[in-house]
Amino acid sequence: MSDEPTLVKCLVWDLDNTLWRGTLLEDPEVDLPEEIRRTIVELDARGILQSVASKNDHDHAWERLEALGIAEYFVLPQIGWHAKSQSVKEIADQLNFAMKTIAFIDDQPAERAEVTHHHGEVRCYDAEQATALTGLPEFSPAAVTVDAVRRRSMYQAGFRRTAERESFSGPDEEFLRSLELVMEIAPADEENLSRVEELTLRTSQMNATGVHYSDADLRALLADPEHEVLTVTLTDRFGPHGAVGVMLLGYHEQFWHLKLLATSCRVVSFGAGSVLLNWLISEAARAGVHLAADLRRTDRNRMMDIAYRFAGFTDDSCDCLATLDDDSAADRAGIEFRHLVAEPRPAPTTMRVAATALTPARGASA
């Protein structure tokens, strides 16, 4: 097992005598130490979300956070008179984060003890530790991805999107069209390589093989003309969803080998997986090749088998797969094939796809 601590995904701040100096009910002009401001900004830049659990009048406290110029940094603030443990749980539940990824900071030992009593996995810190948090390993991700830098804005856009969906009275397809979704499919590059690795590591339900490709693996594939590493991003009128998918293709003369397809679970409801597969199938049809897809069954990815079959892939054999059968048994352990004779697919009706045509290098392996 790794000795590295679980990274904090959300830090929940108390306000009085923790985030700011003073008690708001006694001093409406409480001030924010510059070192605390720097800590907030740095954690945000690392992709760590931040929220508030404070016993205060909501409007008064939020007005002060706005006056201090930091309100925008906090998602799902819980400001009221209920227990801090209840506030922490509400934040974790709405973010769908495990308690072990939540941290809480408060100047009062009794408040920290109350949170620990109800949520033993939440890591609690004394307010005196506030400026030291950025130096702790649990607040220091090994790599800061493109999406991490804008994680807060993506979550905030997601909250607005969810609120609109809940108030929308028409059919789901009409709502999706109203979002003005754009899927962009492009070759991976240095800028988003860390996010590709993260997707292969963290995505389990919508990962066709469950295989993790390291940074070194991905760099080798990027340099190989017989392979293509594609990243998938999604945006709509509320803002970016960020990188939501990755495809790894191997080019052969008679077929393209889809070695990996992984998509984020958070875009399943937008139909992103089927749109992506239909785009790839149309590209293969244009190139006059078949498609072969790898599937390694895990205890969590049954949805990927369903997605392949819904797109028309079967487990029927084909002469084009003969070269794959020659691969080493170790490399193919547990792998099943899905095969499809590619024909053009209609364009999606709920989003626009922006992608350059796939152009395999001449001399791709036969």
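These legends walk you through close-up views of a predicted model.

**View 1. The largest nonpolar core.** Start with this group of 41 residues. Those with the most contacts inside the core are M183, W256, L258, L280, Y308 and F313. Several elements each give two or more residues to it, among them helix 7 (172-178), strand 6 (181-187), strand 9 (255-263) and helix 11 (302-310). Helix 10 supplies the largest share, with eight residues.

**View 2. The surroundings of Y308.** Here we zoom in on one of the residues with the most contacts inside the largest core. Setting aside neighbours within four places in sequence, Y308 touches A208, L258, L261, L277, A293, D294, L295, F313 and R338.

**View 3. Strand 4, covered on both faces.** In strand 4 (residues 102-106), five of five residues are buried. I102, F104 and D106 lie on one side, while A103 and I105 lie on the other.

**View 4. Strand 4 and its partners.** Strand 1 (residues 10-13) runs parallel to strand 4, and four bridges join the two. Strand 5 (residues 123-126) is also parallel to strand 4 and is joined to it by four bridges. Follow F104 to see both pairings: V12 stands opposite F104, and C124 is the bridge partner of F104 in strand 5.

**View 5. A β-α-β unit.** Trace the chain from strand 4 through helix 4 (residues 109-118) to strand 5, and you have followed a right-handed β-α-β unit.

Terms used:
Residues are numbered from 1 along each chain as its sequence is written. This is a predicted model: local features need pLDDT of at least 70, side-chain atom pairs count only at pLDDT 80 or more; totals for chains, interfaces and linings use all residues. Side-chain values use heavy atoms; hydrogens and water are left out. A nonpolar core is a set of buried Ala, Val, Leu, Ile, Met, Phe, Trp, Tyr and Cys residues joined through side-chain atoms within 4.5 Å. Buried means under 20% relative accessible area, exposed over 50%, partly exposed in between (1.4 Å probe, protein chains only). Contact means heavy atoms within 4.5 Å. Two strands pair if DSSP finds at least two bridges between them. A crossover is right-handed if, with the strands pointing away from the viewer, the path from the first strand over the helix to the second runs clockwise.
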